[in-house]
Amino acid sequence: MVPPETEEASRSKFDCSELRNDGDLDLALLATEHPGIKAFGKAISVHLRDTNSLLSTCQPWQEAGAFPQEALATFRSAQATAAALLKEVERLDSIDLDDLKPGWGDKATFRMARKAAIGFSQHVLDRLDGLQGVLAAPVNKIKQEQAEAAAAAASSSAAPELSLQEKYRDKFLARKAPAASERDGAIGPHPAKRQRGAPASKAEVEALLQVIRAKTKQ
């Protein structure tokens, strides 16, 4: 969870209440049969519903003063909804009045209907912009935390996994070395002693022959 940014931010709460159509939009949409106005009426209805859903999602986070990881998805949805609504407004504003057919109503009526539709859309866009402003700082922290976690995970996975023998190699060698020395000391002969029955050296043979010759001359 991301803590509130500042005490000032906590005092100036963003209005997350439901945004409602006061009826003027419906009257404007009924004033003309222009297909562009009718299409916009359906589109604004969907965007209004989505906007209110985002506002209700953000409201408890703002009241609690903490924003969960889901705030990132809410922020992106607010961006997408605002972009889609702005395209609808641009499409409505680009309608050429000279292309009006008699059955769609006169130019004055169409202008009134379009002005009311665009005016209401501006209220929705303002609320979406405000919602993005509230979420901007917490979302930046969430992105930073996610980037740090991903970097740590990548660094951990890059390190080779050692076997148990490799991890404790020094301890294994330290335990085997004294055992070998003790075994050699118990079995091996003393270097200064010659075992009984072992062949005599050349010096020992010559010394023995000199003794025998000395005795035979006597």
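Biologist: Which residues does Arg127 touch, not counting residues up to four places away in sequence?

Modeller: First, the ground rules. This is a predicted model, where local features need pLDDT of at least 70, side-chain atom pairs count only at pLDDT 80 or more, and totals for chains, interfaces and linings use all residues. Residues are numbered from 1 along each chain as its sequence is written, and side-chain values use heavy atoms, with hydrogens and water left out. Contact means heavy atoms within 4.5 Å. On that basis Arg127 touches Phe14, Asp15, Cys16, Ser17, Leu19 and Leu55, leaving aside residues up to four places away in sequence.

Biologist: Is Arg127 buried or exposed?

Modeller: Buried means under 20% relative accessible area, exposed over 50%, partly exposed in between (1.4 Å probe, protein chains only). Arg127 has 13% relative accessibility, so it counts as buried.

Biologist: How do I read the crossing of helix 3 and helix 4?

Modeller: Two packed helices are described by the angle between their axes and the distance between the axes. Helices are DSSP runs (H or I, at least four residues), numbered from the N terminus. Axes are lines fitted to C-alpha atoms over the stretch in contact, with angles from 0 to 180 degrees between N-to-C directions. Here the axes of helix 3 and helix 4 come within 10 Å and cross at roughly 160 degrees. That makes the two helices roughly antiparallel (over 145 degrees). Their crossing is left-handed (near helix turned anticlockwise from the far one by less than a right angle).

How values were computed:
Parallel < 35°, antiparallel > 145°, perpendicular 65-115°, else oblique.
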